[in-house]
Amino acid sequence: MSDPRTPAHAPAHHQLGGHHQHGHQQHAHPVEDDAALAEVLDLDAEVLADHLAAIIYWLPLDAEPRHVLDLGAGTGAGTFALLHRFPTARVTAVDASPGHLLRLREKAHALGLADRVATVQADLDADRWPELGTPDLVWASASMHHMADPGRALRRIRDLLAPHGLFALVELAGFPRFLPADAPADRPGLEERCHAATDHLHAAHVPHRGADWGPLLTAAGLTVTGERTVTVDIAATEHPSVGRYALAGLRRIRTAAAQYLDPADLAALDRLTDADGPGSIALRPDLAARTERQVWAARR
Ligand SMILES: C[S@@+](CC[C@H](N)C(=O)[O-])C[C@H]1O[C@@H](n2cnc3c(N)ncnc32)[C@H](O)[C@@H]1O
């Protein structure tokens with residue numbers, strides 16, 4: 001998942017059942033923006049759960065990892081999928097957002113997994129990373145493109161990894177699409193125009209989104225041992241959360257794109273994102289979540 005936003009936050013460690021803080025300070029971050037993103041991340045995890053599980057099963061691991069590091073963990077999509085796949089592993093979830101990590105900890109408690117998860121609030125763009133141990137598996141999904149200097153982050157990951165360890169990088173070129181290209185009937189191509197309207201924001205804030213990460217991994221001293229592309233195309237009839245995912249996703253795009261859109265496009269977008277209206281995207285028979293994930297597995 002990716003979106004136009006200003007990354008943020010102040011670092012702190014939080015071991016479930018007891019925590020300590022350490023600290024350098026980062027940029028300001030609006031809480032409501034965090035909450036809206038958290039909703040989209042949760043829905044993304046729900047809708048793409050089978051694809052995420054398939055990616056984790058595919059990872060070319062020599063042995064079951066004991067310590068997993070989830071970098072830019074968000075609300076825990078990867079963390080919980082990894083805990084499920086590796087029932088004896090502990091996961092350290094790192095993120096800059098205190099709101100996302102709070103949500104992750106609440107989920108861990110609710111699932112009875114609190115003793116297997118530690119959260120660390122930290123800005124991965126900072127000059128120093130906190131102590132993160134020697135993980136057997138480092139997982140970074142849709143987070144590396146947020147780094148100000150991805151090469152530096154990848155070199156740090158190389159240095160952190162256990163000698164036999166694996167780095168799993170999951171990235172994406174853009175936000176999912178929910179409508180056919182010729183929809184809606186009164187404003188065909190609306191969704192693409194919304195994305196085009198925010199292209200300059202992505203170019204400014206997340207210029208590495210959609211990068212070819214293979215050469216970047218190699219330049220950081222890692223050896224790519226596997227690579228695959230996972231295509232996602234889930235019709236609303238196949239998954240009960242696609243409608244809510246589309247509503248939350250398009251509302252978020254509206255926030256960023258509204259000021260750049262033609263008034264007729266904005267009005268059409270408002271009809272689609274009105275959950276209770278007759279034009280709600282959630283009611284459309286042609287609704288589907290379509291996206292791609294690129295995955296790289298790399299070793300030291
Ligand atoms: C698109 S979300 C992906 C979250 C999660 N990995 C997933 O797949 O659902 C990107 C995450 O990276 C985090 N992030 C962005 N910049 C960061 C930074 N400099 N330091 C730490 N985390 C950061 C954000 O707070 C957000 O949770």
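Which residues form one aromatic cluster?

1. **What you are looking at.** This is a predicted model, in which local features need pLDDT of at least 70, side-chain atom pairs count only at pLDDT 80 or more, and totals for chains, interfaces and linings use all residues. Residues are numbered from 1 along each chain as its sequence is written, and side-chain values use heavy atoms, with hydrogens and water left out.

2. **Overall make-up.** The protein has 10 helices and eight strands; helices (H or I, at least four residues) and strands (E, at least two) are DSSP runs, numbered from the N terminus. Of its 300 residues, 55% are buried, where buried means under 20% relative accessible area, exposed over 50% and partly exposed in between (1.4 Å probe, protein chains only).

3. **The aromatic cluster.** F175, F178 and Y245 form one aromatic cluster. The structure holds two aromatic pairs. Rings of Phe, Tyr and Trp (its six-membered ring) pair if their centres lie within 6.5 Å; planes under 30 degrees apart count as stacked, over 60 as edge-to-face and the rest as tilted. The ring centres of F175 and F178 are 6.3 Å apart and their planes meet at 70°, so this pair is edge-to-face. F178 and Y245 also form an edge-to-face pair, with 5.2 Å from centre to centre and 90° between the planes. F178 sits in the loop between β6 (166–171) and α6 (190–197), while Y245 is in helix α9 (residues 242–257), so the pair ties together parts that are 67 residues apart in sequence. F175 and F178 are buried, and Y245 is buried too.

4. **A charge over a ring.** Have a look at R85, which lies over the face of Y57 at 4.1 Å from the ring centre. The cut-offs here are NZ of Lys or CZ of Arg within 6 Å of the ring centre and within 35 degrees of the ring normal.

5. **A89 and its surroundings.** You will find A89 in the loop between α3 and β3 (90–95). A89 counts as buried because its relative accessibility is 1%. P65 is 24 residues away from A89 along the chain, yet their C-alpha atoms are separated by 6.2 Å. Leaving aside neighbours within four places in sequence, A89 is in contact (heavy atoms within 4.5 Å) with P65, R66, V68, L83 and R116.
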